[in-house]
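The following exercises concern a single protein chain.

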Amino acid sequence: MAEDMKKSSTIGGLMLESRKKLSDAGIENAAGEVRDIMMHLLGVGSAKLFMMETETPSDKVEEIFSSIIEKRCTHYPVQYILGSTCFLGYDFLCRENVLIPRFDTENLVAAAVSAVSGRTEPLRVLDMCTGSGCIGISYFLEREKLGVSDCVTLTDISKDALTLARDNARKLTGCLAEDEMSPGITVKHSDLFEELTGNRYDVFLTNPPYIPTDVCDTLMKDVRDYEPRLALDGESDGLAFYRKIIDEMGEYLNEGAHIFMEIGYDQYPAVSELLSARGYNDIDVIRDLNGLDRVVSCVKR
């Protein structure tokens with residue numbers, strides 16, 4: 001396939017050929033992905049790329065670009081190929097065996113920052129099932145813009161995820177803390193609350209696995225075949241992790257703590273019922289740009 005794309009006359013021509021190949025392979029946003037891949041490869045923005053479309057690509061650029069397109073045609077995620085993705089305006093590293101940050105998850109971060117906007121003292125924050133660290137790190141950076149350095153703890157059961165989260169924290173914040181009482185980012189291996197004995201938090205953030213097991217096998221090929229099942233599978237009804245988290249989180253939260261959980265589009269009634277049964281107040285739902293239920297928020301009172 002790579003040979004078919006050799007010696008295109010211009011960068012624009014190479015991109016046009018590549019867009020067709022991705023479309024024929026069933027890649028939905030072929031045009032956008034081709035543009036993003038070329039910008040990444042050339043190290044330019046969209047305006048500069050537009051001006052370069054009539055230029056002839058070097059043999060090296062054409063060879064590398066063609067090999068990337070060939071790999072993407074297998075539905076291997078473009079974020080893994082490029083090694084990064086944008087989340088809330090920040091460039092997060094991406095690697096195999098760790099869930100890729102999603103645009104819809106930005107709603108959770110924005111809601112959490114807004115909820116504590118009046119708090120100027122450093123808060124203790126827990127990001128559970130952190131994956132790449134995109135939620136907790138973005139929250140920390142957004143709070144820093146307001147002049148506050150919170151104490152953010154990132155936890156996950158996956159050591160691959162924690163390695164990536166640590167690298168993202170180092171790259172984006174430079175604020176890796178030695179302990180959870182210090183402002184900055186702390187990365188901790190834990191199976192849910194197992195290693196958090198004695199700690200209490202003011203803000204709780206989580207995007208746990210919530211896809212029912214039988215649905216996992218029906219996901220688009222990019223996700224089903226390449227992203228970690230550990231970060232997706234919420235067991236039979238998709239609610240297993242919400243039950244465990246909601247049953248236990250009360251003893252780890254300070255009075256008045258804010259809780260934000262990402263959910264599946266049809267899970268708000270069940271998750272809100274679990275929260276209500278445990279005495280949580282001000283339960284609400286935040287919808288994504290498609291109008292689908294995406295985040296449950298509540299307060300411990």
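**Exercise 1.** Which share of the contacts in the chain with a separation of 6 or more is accounted for by residues 24 or more positions apart?

*Solution.* The model is predicted: local features need pLDDT of at least 70, side-chain atom pairs count only at pLDDT 80 or more, and totals for chains, interfaces and linings use all residues. Residues are numbered from 1 along each chain as its sequence is written, and side-chain values use heavy atoms, with hydrogens and water left out. A contact means heavy atoms within 4.5 Å. On this basis, residues 24 or more positions apart account for 67% of the contacts with a separation of 6 or more.

**Exercise 2.** Describe the secondary structure and the overall dimensions of the chain.

*Solution.* Step one: the chain holds 12 helices and nine strands, taken as DSSP runs numbered from the N terminus (helices: H or I, at least four residues; strands: E, at least two). Step two: the radius of gyration is 21 Å, close to the 19 Å that the globule rule gives for 301 residues, so the chain is as compact as a globular protein of that length. That radius is taken over C-alpha atoms, and the rule is 2.2 Å times the number of residues to the power 0.38. Step three: along the principal axes, the C-alpha atoms fill a box of roughly 65 × 45 × 35 Å.

**Exercise 3.** Which residues have the most contacts inside the largest nonpolar core?

*Solution.* First, a nonpolar core is a set of buried Ala, Val, Leu, Ile, Met, Phe, Trp, Tyr and Cys residues joined through side-chain atoms within 4.5 Å. Buried means under 20% relative accessible area, with a 1.4 Å probe and protein chains only. Next, the largest core has 33 residues, and those with the most contacts inside it are Met128, Phe193, Phe204, Met249, Met261, Val271 and Leu275. Elements that each supply at least two residues of this core include β3 (124-128), β6 (201-206) and α12 (268-277). Finally, beyond its neighbours within four places in sequence, Met128 is in contact with residues including Thr155, Phe193, Phe204 and Ile245.

**Exercise 4.** Is Val148 buried or exposed, and which residues does Val148 touch?

*Solution.* Val148 is found in the loop between α7 (134-145) and β4 (151-156). Its relative accessibility is 5%, so Val148 counts as buried. Not counting residues up to four places away in sequence, Val148 touches Arg119, Thr120, Glu121, Pro122 and Arg143. Val148 and Glu121 are 27 residues apart in sequence, and their C-alpha atoms are 6.9 Å apart in space.

Technical notes
Buried means under 20% relative accessible area, exposed over 50%, partly exposed in between (1.4 Å probe, protein chains only).
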